Amino acid sequence: MRAKKKTVKSKASDVKLKGRKQQTKTAMPLAAQSSPFTIRGNVNGQRVPSRILEEQIQEAVKHGVREMRIMAQGQHGIGGRIWPSGEIIKITVEGTAGQRLGSMGMDGTEILVKGSASDDVGWINCGAKITVLGDVTNGAFNAAAQGILYVQGGGGARCDTMTKRNPRFEPPQSWYFRGVGDSFAEFKAGGIAVICGVRPRNPENVLGYRPCVGMVGGTIYFRGPIRGYSERDVKLLDLTDQDWDWLTTNMKPFLAAIDRMSYYEELTRSSQDWKKLMAYTPQEKMARKKLHMSTTEFRKNSWEKAVGPGGIFAEYLDHDLTILPYITTGKERRNKPLWANEKYSPPCAYACPTLIPSHQRATLIRQGLLQESLELVLRYSPLPATVCGQICPNLCMNSCTRGLIDKPLAIDKLGSMALDLPAPRKEKPTNHRVAVIGGGPGGLSAAWQLALKGHTVDLYEASGKLGGKIEHCIPRERLPHQILEKELSRFAELGVHVHLNTLIDRKKYDAIYKGHEIVIIAVGAQKGRVIAFPGSEHVITAYDFLKEANSGKIHALKGKRVIVIGAGNVGMDVASEAYNFGADSVIAVDIQKPAAFGKEMEAATSKGTQIVWPKLTERYDHTGKKIHFKDGSSLDADMVVISVGDVPVLDFLPPDIHTERGWIAVNNVNQTSDVKVFAIGDVTGLGLVTHAIGQGRLVAETVHYQMMHAPRAPELKQVIPYEKVKREYYDVCTGDFSAEREGHKCLSCAACRDCHMCESTCYWGAISRVEHEGGSYEYVVDEEKCIGCGFCAGICPCGVWEMVENI
Amino acid sequence: MEPASRLDHNHKLSLREFPYIIRWRDDRCKRCGSCTAVCPVKAIEPTVKVMRVVRSEGPVPTPSSVRQVVQIVEQVKDMERYCTGCGTCTLVCPNEAIEPELNPQSKFLHYKNKGGDGYKRGGRRNDPSVSTLDRLKFTRISMLTDPALDAGRHEFRIRTLLGRVTAPEQMPLQVVDGRLQLDRRSETFIPPVREIYPIMIGSMSVGALSPPMWEGLAMGVAYLNEVEGMPVVMCSGEGGMPPRLLRSRYLKYFIIQIASGYFGWDEIVRSIPHMVEDPAAIEIKYGQGAKPGDGGLLMAQKVLKLISKIRGVPQFVDLASPPTHQTKYSIEEAVAKMIQSMSMAWGFRVPVYPKISGTKTAKAVLNNLARNPYAAGLCIDGEDGGTGAAYNVSMDKMGHPIASNLRECYLDLVKQGKQNELPLIAAGGVGKKGNLAANAAALIMLGASGVAIGKYIMQAAADCFGDEYNRCNLCNVGKCPRGITTQDPKLYRRLDSDKVAERVVEVFKAADTELKKIFAPMGRSTELPIGMSDGLSVDDKAIAERLGISYAC
């Protein structure tokens with residue numbers, strides 16, 4: 001009665017404090033009540049608000065009530081939040097329990113619901129023991145962390161979600177006598193749930209649709225059929241002995257609490273009736289295969305069964321269907337190295353019209369074979385001391401790679417050193433007869449080569465001496481005459497039939513043509529070209545001027561002013577000679593940038609020659625000794641020499657030898673329109689002495705092949721690019737000339753110098769040097785070790801190694 | 001004869017002009033040559049250098065010099081062998097001694113026109129800025145106003161329809177025994193429709209791709225369908241299809257493309273009687289987003305035996321697909337004739353739709369399709385799409401961004417009330433920065449029924465090096481260091497098709513999860529939010545206005 005009175009009073013908030021004081025005073029009598037203390041959720045037909053009911057419960061507990069009965073009418077959260085005091089607080093709920101019954105329930109609280117409970121029973125349970133003698137609706141035990149929930153009936157949807165286990169306390173337990181609804185135990189992180197499966201609402205599924213999504217901890221024991229669970233999160237297991245012990249032990253108090261002890265036998269009949277669901281551990285999840293089946297299995301078991309072995313493209317592929325690494329060897333390399341020794345021409349040999357392999361001379365010197373080195377050149381030229389050593393502008397040296405470091409190899413000096421050598425040994429006679437018309441450098445070269453190969457050679461020379469322009473036109477001061485004479489005497493050793501003073505006319509030509517297998521025309525250009533202008537009849541050609549000089553005629557030029565029209569190298573020779581004859585001044589004029597270069601120009605300018613351009617001659621006033629130019633200027637000119645080139649005299653030729661603008665027309669192997677007639681040297685167009693010698697050598701090869709019935713053109717190699725030769729290995733070299741020194745200075749472009757750099761460099765040990773019988777060697781690659789990296793090619797001092805596509 | 005003057009640096013380029021500069025570390029390099037062995041363009045090579053130190057160690061000047069020739073790895077200063085920055089050297093270097101570094105000062109394009117031809121490459125538009133797609137945000141989050149969904153907990157059904165969807169009132173329906181049924185005898189044409197996954201693998205041809213790459217993608221798609229239950233489809237590209245696949249049950253996961261080159265079509269036609277399944281659809285290619293108005297080109301160096309067989313062409317010839325179809329000169333003719341022919345080939349059982357490059361004129365094409373009952377949809381490929389080979393200028397400067405182009409077309413359909421009838425497929429830059437699901441979702445919410453991806457899957461599934469800083473992009477010359485876009489077995493055998501397939505599966509599964517993460521908070525789980533543009537915002541007013549979405553900042 002007191003309580004009832006108090007409840008009524010408490011309805012008004014303004015008297016709440018007073019009411020509490022009254023409670024305090026009457027605490028003992030309340031606790032001493034023998035019949036259960038009752039709180040009513042409906043007073044006089046008025047529903048008591050949840051807030052008031054809660055106050056009343058808390059007040060009662062505070063005043064020592066340890067057992068109470070709540071006649072509920074849907075009030076929220078009944079029985080929760082009774083802070084532990086070490087004593088048991090028993091609360092019996094009758095009527096209609098509201099949502100979240102027992103929420104935040106604490107240790108010591110025991111709630112008995114005499115009937116069903118609404119949603120979220122035991123929400124965030126922290127230790128209360130809640131018994132529901134009926135069903136629980138949705139969300140029962142949501143986020144419960146401790147305590148017990150006993151349900152005599154079944155659970156609604158989303159029961160046991162987010163349950164926890166705090167290691168400091170016993171895990172929460174939830175027991176459902178019948179079954180539970182959908183989405184059970186989502187995100188369950190701890191606690192034990194038991195679903196006994198007695199007369200479940202869905203006889204086919206005691207755990208509802210998709211239980212355990214996101215479950216990471218705890219255990220669910222269940223009995224009866226289910227229709228799946230979140231396989232990603234939990235595993236289905238049989239019960240262990242420990243499980244069974246726990247279950248059978250704890251089953252008794254559960255059944256006792258819900259008044260169903262009669263089912264004990266049935267529920268503990270056999271552990272086989274039960275299964276449990278447990279969350280996979282994080283380790284198990286990590287170790288889990290990411291895919292249901294590997295794609296390799298899929299390929300084997302499905303793909304290739306449907307499309308055929310090897311896959312959809314196999315029928316078109318002609319290689320192994322295996323995977324390759326990025327670094328490959330053998331035939332799988334993308335590129336491979338080649339030891340391309342002598343595949344390319346070094347710049348010196350390439351620049352030399354005669355293709356003299358000077359790098360080979362250097363190699364022989366390095367091998368201590370100086371004599372062999374010097375002899376080598378005679379295989380290429382009859383006049384090395386004369387031409388290489390004296391008058392040649394040495395195109396070889398101009399292009400020498402060594403020149404990019406310090407100075408080119410002294411190939412000229414190596415040529416000079418060959419002066420005293422005898423002629424090389426001839427091959428056996430072949431009985432092939434060749435005529436060479438013209439005893440200049442081209443004719444000498446061709447005759448020399450053919451004679452060396454054993455052919456019989458007739459050499460016809462119009463003048464009384466061999467040597468052509470070397471003999472007749474090159475100033476003696478540039479070429480000491482004894483050098484030429486010495487080399488011509490060596491030439492004579494070969495036994496060429498030399499016919500001097502034999503000017504060839506048409507009749508003689510025809511006879512020669514008939515009497516020889518091959519005719520080589522090397523008559524040169526023997527007539528100075530003259531440009532017609534007023535007074536040009538009073539000028540002398542350079543050809544005549546120089547020839548007269550070399551033949552001993554003295555030009556009286558003392559104190560004279562000489563003008564040379566045409567400032568090429570021949571013009572420079574004229575100028576030098578004019579000074580030698582005592583000229584006061586020599587001026588060379590040209591209509592364009594002068595073509596003179598090298599030794600000739602140095603000699604002429606050192607003597608005082610001036611070069612003036614552009615000057616286009618208008619007329620020569622022979623009496624006034626003045627030459628006038630089109631630009632209106634004039635120069636004093638006691639003598640005018642015209643040096644604008646020479647032209648050949650071809651009056652002996654039959655018409656079937658084609659000419660073009662006065663020169664004999666030849667193809668790329670110097671063959672004329674008559675297959676048995678070749679033409680070389682200036683008769684085909686003006687060039688250097690070395691060009692004539694080169695053409696002589698190459699034409700001799702062509703002729704040789706042709707006569708020996710193996711017609712082909714001489715082999716011409718491509719030149720090696722400078723950057724392939726590694727100059728970095730060589731330091732700047734100072735000091736005087738010696739053959740040995742030159743041998744070491746040579747960079748051996750495109751020719752292996754056997755230095756072992758490649759062998760030492762290869763990281764994979766793929767390169768080795770193999771020596772063959774007879775002393776020759778090569779560097780070879782072990783295909784199974786080489787990865788095709790290109791280090792050998794990149795570091796080879798000589799540019800011998802090259803990388804090619806590995807096909 | 002005048003001696004040739006010896007030039008040194010005349011007309012040589014300095015490294016500063018090059019797009020990538022090799023950083024090589026002498027102190028780490030062991031000269032094993034791995035880098036130089038793999039460099040696809042021979043942009044690096046071993047060589048030697050001289051080091052010289054002059055010292056004075058005595059109490060008075062006592063000079064001594066030490067000279068040493070060292071071996072190094074050097075970058076080649078030849079624009080024809082420029083370092084593409086692919087980083088294969090870095091990948092294989094055991095000592096982390098080498099790596100290419102982007103050179104922002106590069107004058108690459110000033111020089112990359114040797115011989116008077118413009119720069120050609122593969123890849124995509126070189127524009128590293130953030131695309132419109134990547135600026136779109138999903139701002140309508142269901143909190144308390146709508147029931148929110150949980151991507152991890154709820155079940156989703158992410159599917160879309162490919163094919164023309166007939167309105168129920170136009171369907172020849174009848175009630176038989178109290179059940180709704182199709183009237184099979186009706187002569188009303190019911191267009192074929194496929195339910196597919198809204199992200200598909202776009203058209204990349206056999207030929208543009210290497211055999212293991214193409215097969216890897218194909219196998220991944222088959223796996224997704226058959227093992228994962230995700231109905232992902234893949235477009236063949238214009239290079240035909242291997243007969244083994246045409247005649248297999250997997251054909252149903254493939255869209256066969258026909259383009260102006262008609263490569264491989266005789267083989268496809270010959271296979272029709274042997275097909276056990278219909279293809280998913282037929283795509284008629286009129287344009288490519290990466291290079292609008294520029295035709296397809298497979299360079300001769302990629303036309304080897306395999307390609308020659310599958311495409312039905314001789315080996316070692318350049319294969320051009322002209323920018324226009326040769327027998328079609330008007331939009332009516334092009335669309336009607338092609339769609340009619342392709343539909344007829346498979347007995348009108350297969351959806352047939354055209355693909356065009358993003359353009360201001362897309363709406364005109366769309367409206368033509370809207371009137372054609374056989375048109376199954378329209379694919380629009382925006383400027384950020386990729387390609388195997390094109391002129392740089394076409395890639396960088398031609399084309400239309402996909403976002404506004406797609407949006408405009410969708411809103412046009414909305415005006416006609418046909419937005420649920422004719423599906424739009426958007427492509428070109430989907431996943432450009434790796435945001436595959438977000439870009440796809442944004443396009444869907446702007447109105448796309450689905451999206452197609454290309455470059456993204458090459459990067460994600462096969463580790464393609466390419467990016468918007470012109471890294472690698474060697475697809476056109478068949479030197480792909482990853483083995484993706486080459487026909488050289490030495491290169492493509494680096495690629496394991498099983499691994500590619502596995503990555504395809506992983507990519508799609510991850511994208512699926514991410515799509516759920518986007519759709520769930522917006523309360524969508526079963527219907528794709530096509531055109532749900534109220535869920536989108538952007539932090540740029542002009543974009544917001546153009547796309548008809550809200551501005552949020």
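## Where the two chains meet

In this predicted model, 52 residues of chain B are in contact with 46 residues of chain A. On the chain B side, the elements giving two or more residues are the helices α1 (34-38), α5 (211-226), α6 (243-246), α8 (305-311), α15 (489-492) and α16, plus the strands β2 (44-56) and β3 (63-75).

What kinds of residues does chain B bring to chain A? Sorted by class, they come out as 23 nonpolar, 8 polar and 21 charged.

## A helix crossing in chain B

Helix α16 (residues 497-519) of chain B, listed above among the elements touching chain A, also meets a helix of its own chain. The axes of α16(B) and helix α14 (residues 455-462) of chain B come within 8 Å and cross at roughly 115 degrees. That crossing is right-handed.

Which residues make the contact? From α14(B) come Ile457(B), Ala460(B), Ala461(B) and Ala462(B), and from α16(B) come Val500(B), Arg503(B), Val504(B) and Val507(B). By class that's 7 nonpolar, no polar and 1 charged.

## A strand with two partners in chain A

Over in chain A, have a look at strand β11 (residues 217-223), which is mostly covered, with 5 of its 7 residues buried.

β11(A) runs parallel to strand β10 (residues 189-195) of chain A, joined by 5 bridges; Ala193(A) has Ile220(A) of β11(A) as its bridge partner. β11(A) also pairs with strand β13 (residues 274-279) of chain A, this time in the antiparallel sense and over 5 bridges. Here Tyr221(A) has Lys276(A) of β13(A) as its bridge partner.

Conventions:
Residues numbered from 1 in each chain as written. Chains lettered and ligands numbered in written order. Predicted model: local features only at pLDDT ≥ 70, side-chain atom pairs only at ≥ 80, totals over all residues. Axes fitted to C-alpha atoms, helices over the stretch in contact; angles between N-to-C directions. Helix = DSSP H or I, 4+ residues; strand = E, 2+ residues; numbered from the N terminus. Left-handed = near helix turned anticlockwise from the far one by under 90°. Contact = placed C-beta atoms within 7 Å. Nonpolar A, V, L, I, M, F, W, Y, C, P; charged D, E, K, R; others polar. Buried ≥ 20, exposed ≤ 12 C-beta atoms within 10 Å, placed from the backbone. Pairing = 2+ DSSP bridges.
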